Amino acid sequence: MSFIKEEISLIVSSDAKTGASNKSADGSRFAIQLDGAGIHLPKDAINVTVEVEEATIWWSIPNIITGENDKIFIYGDSDATPAVPQLYTVTVPQGLYDLSALNLAILSELEAQGARTLDGTGASLPLISMSADSSTQKVRLRFNYANVYVDFSQPGTMRDILGFNAAVYGPYATAPVNILADNTASFNTVNYFLIHSDIVAQGVRFNNTYNQTLSQVLINVAPGSQIVSTPFNPARSSANELAGNRRTNIRFWLTDDQDRAVNTNGENWSARIVIHYMRPMVVKHT
């Protein structure tokens with residue numbers, strides 16, 4: 001028996017303006033409703049597979065999330081005369097930060113709250129500053145004045161991304177004092193993305209489990225840029241269960257390498273899906 005190769009292509013997007021429905025608040029999940037006959041494969045179709053030939057995802061997934069890890073508590077002098085020591089609750093806006101950007105955001109908020117920013121000579125010097133220790137991949141925290149402390153023991157702090165334990169660091173009787181974080185920094189909270197869909201029953205095996213994964217999307221752009229993934233040899237997921245069935249509603253979701261739903265930070269993502277199958281060639285005799 002001879003067979004004919006067939007394929008069905010569709011582009012899906014989380015953009016509600018283009019028809020996405022049931023979109024989750026974090027932007028990671030959406031569904032599409034197909035009009036008319038939807039997707040219908042003949043019941044004698046064989047070797048049915050699904051692959052993602054292209055995907056676009058904005059690399060803007062925040063590593064500082066409002067209400068989760070957006071705070072740092074710093075005790076130190078104010079810029080008043082005479083100085084008044086107090087505890088500053090610094091809240092950083094949600095976003096994707098590297099150490100330099102996070103340090104700048106913290107110092108900007110300290111200044112806005114009236115914390116000390118000048119040393120005895122009038123030179124700019126904030127209560128604390130942070131720098132990277134490239135040899136250890138840890139954050140170096142510098143206390144620029146005596147009696148300053150940083151409290152990472154409270155919930156909602158950014159201690160994990162900076163590599164510190166749930167503890168209070170300082171105060172010190174003299175300054176400056178430099179300390180190294182207890183653990184390596186974790187600014188890269190996402191190593192790669194996974195695209196999932198209920199268009200397949202199992203999908204690509206993830207270690208020893210199946211979670212309806214269609215594709216892995218590698219991060220190969222700078223923060224704030226769009227990833228355009230066009231794999232040379234895209235993974236194919238078996239989908240023989242589609243043979244003889246009709247699909248008019250399909251769900252898609254985006255996770256990180258730990259299979260956690262990602263917050264897309266208000267950006268849309270998309271994928272070009274191709275269903276491959278073979279059907280018997282019908283020969284008409286005259």
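The legends below describe close-up views of a predicted model.

Residues are numbered from 1 along each chain as its sequence is written, and side-chain values use heavy atoms, with hydrogens and water left out. Because the model is predicted, local features need pLDDT of at least 70 and side-chain atom pairs count only at pLDDT 80 or more, while totals for chains, interfaces and linings use all residues.

**View 1. Ser-78 in the loop between β5 and β6.**
Ser-78 lies in the loop that connects β5 (71-76) with β6 (86-91); helices (H or I, at least four residues) and strands (E, at least two) are DSSP runs numbered from the N terminus. Ser-78 is buried, its relative accessible area being 8% (buried means under 20%, exposed over 50%, partly exposed in between, with a 1.4 Å probe and protein chains only). The Ser-78 side chain reaches two backbone nitrogens, that of Val-84 at 3.0 Å and that of Ala-80 at 3.3 Å. For such polar contacts, a pair of N or O atoms must lie within 3.5 Å; within protein, one must be able to donate a hydrogen and the other to accept it, and residues adjacent in sequence count only if both atoms are side-chain atoms. Not counting residues up to four places away in sequence, Ser-78 touches Ala-83, Val-84, Gln-86, Tyr-88, Gly-114, Ala-115 and Arg-116, where contact means heavy atoms within 4.5 Å.

**View 2**
Four strands form an open sheet in the order β6-β5-β9-β10, with antiparallel pairing; two strands pair if DSSP finds at least two bridges between them. At the edges stand β6 and β10 (168-169), each pairing on one side only. Strand β9 (residues 149-151) is joined to β10 by 2 bridges in the antiparallel sense, and Asp-151 stands opposite Val-168 of β10. Helix α1 (residues 99-112) lies across β5 and β6 and runs at about 130 degrees to β6. Axes are lines fitted to C-alpha atoms, for helices over the stretch in contact, and angles run from 0 to 180 degrees between N-to-C directions.

Strand β12 (residues 192-197) runs antiparallel to β15 and is joined to it by 5 bridges, with Gln-216 of β15 as the bridge partner of Leu-194. Trp-253 belongs to strand β19 (residues 249-256) and is buried at 8% relative accessibility. Leaving aside neighbours within four places in sequence, Trp-253 is in contact with residues including Leu-194, Ile-195, His-196 and Trp-269.

**View 2. The pairing of β4 with β16.**
Strands β4 (residues 46-58) and β16 (residues 226-229) run antiparallel and are joined by 4 bridges. Ala-55 has Ser-229 of β16 as its bridge partner. Asn-47 is partly exposed, with a relative accessible area of 48%.

The bond joining Gly-170 and Pro-171 is cis, with omega about 0 degrees. The bond from Ala-175 to Pro-176 is cis, with omega near 5 degrees.

**View 3. Asn-207 in the loop between β13 and β14.**
Asn-207 is found between β13 (205-206) and β14 (209-210). Although not a glycine, Asn-207 has a positive phi of about 55 degrees. Asn-207 is exposed, with a relative accessible area of 69%.

**View 4. Val-282 after β20.**
Val-282 is found in the segment after β20 (270-280) and counts as exposed at 66% relative accessibility. Val-282 and Ser-2 are 280 residues apart in sequence, and their C-alpha atoms are 8.4 Å apart in space.
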